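Open the model in your viewer and keep the selection panel handy. This tour goes from one selection to the next and says what to look for at each stop.

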Amino acid sequence: MTAYAYVNLTITNPDRFAAYRERAGDALKKHGGAPLEVSKQSEVIEGTATAPTVAVILTFPDRGAAKAWITDPELAEVHALREGSGTSTITLL
């Protein structure tokens with residue numbers, strides 16, 4: 001069953017984020033993942049949270065693939081680029 005992940009990014013280091021973006025697609029593909037939607041114009045319409053710089057919905061073949069992507073030791077360097085570009089939260093839906 002298809003699984004989705006919501007990625008909430010607040011970018012404070014654009015250069016690191018650019019380096020992450022260069023490698024993120026291949027890292028996702030390794031586990032069957034792909035971006036479904038990417039927004040640089042997200043807007044909080046209820047509540048008091050601050051809108052992220054970038055919001056992404058990822059799709060994976062199943063929950064196991066999403067978990068394999070985030071825990072894959074071969075992708076640790078890619079994830080470190082994302083983490084070093086600002087703050088991020090990834091929620092498996």
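**First stop: helix α2**

Select α2 (63-71) and show its neighbours: the buried residues of α2 pack against α1, β3 (54-60), α3 and β4 (86-92). Helices here are DSSP runs of H or I with at least four residues, strands are runs of E with at least two, and both are numbered from the N terminus. Contact means heavy atoms within 4.5 Å.

A word on what you are looking at: this is a predicted model, in which local features need pLDDT of at least 70 and side-chain atom pairs count only at pLDDT 80 or more, while totals for chains, interfaces and linings use all residues. Residues are numbered from 1 along each chain as its sequence is written, and side-chain values use heavy atoms, with hydrogens and water left out.

Now pick out Ala65, Ala66 and Trp69, which are buried in α2. Buried stands for under 20% relative accessible area, exposed for over 50%, and partly exposed for what lies in between (1.4 Å probe, protein chains only). These three residues lie on the same side of α2, because they cover an arc of only 100° around the axis. The arc is taken from the directions that run from the helix axis to the C-beta atoms.

**Second stop: Phe60**

Next, select Phe60 in strand β3. Is Phe60 buried or exposed? Phe60 counts as buried, because its relative accessibility is 2%. Leaving aside residues up to four places away in sequence, Phe60 touches Thr2, Ala3, Ala5, Leu28, His31, Gly32, Gly33, Ala65, Ala66 and Trp69.

Zoom in on His79, which is found in helix α3. His79 has a relative accessible area of 4% and is therefore buried. With residues up to four places away in sequence not counted, His79 touches Trp69 and Ile70.

Which residues make the contact? From α1 they are Arg16, Ala19, Tyr20, Arg23, Ala24 and Ala27, and from α3 they are Glu77, Val78, Ala80, Leu81, Arg82 and Gly84. Colour them by type and you will find seven nonpolar, one polar and four charged. In this scheme Ala, Val, Leu, Ile, Met, Phe, Trp, Tyr, Cys and Pro are nonpolar, Asp, Glu, Lys and Arg are charged, and the others, Gly among them, are polar.

**Last stop: the salt bridges**

How many salt bridges does a search of the whole structure find? It finds four, each being a side-chain nitrogen of Lys or Arg within 4 Å of a carboxyl oxygen of Asp or Glu.

Begin with Glu77 and Arg23, whose side chains meet in a salt bridge (2.8 Å, N to O). The pair links distant parts of the chain, with Glu77 in helix α3 and Arg23 in helix α1, 54 residues apart. Glu77 is exposed, at 53% relative accessibility, and Arg23 is partly exposed, at 33%.

Then select Lys30, Asp72 and Glu74, which are linked in a network of salt bridges. Asp72 bridges to Lys30, with the closest N and O atoms 2.7 Å apart. Asp72 counts as buried at 9% relative accessibility, whereas Lys30 is partly exposed at 42%. The side chains of Glu74 and Lys30 meet at 2.6 Å, N to O. Glu74 lies in the loop between α2 and α3 and Lys30 in helix α1, so this pair ties together parts that are 44 residues apart in sequence. Glu74 is exposed, with a relative accessible area of 64%.
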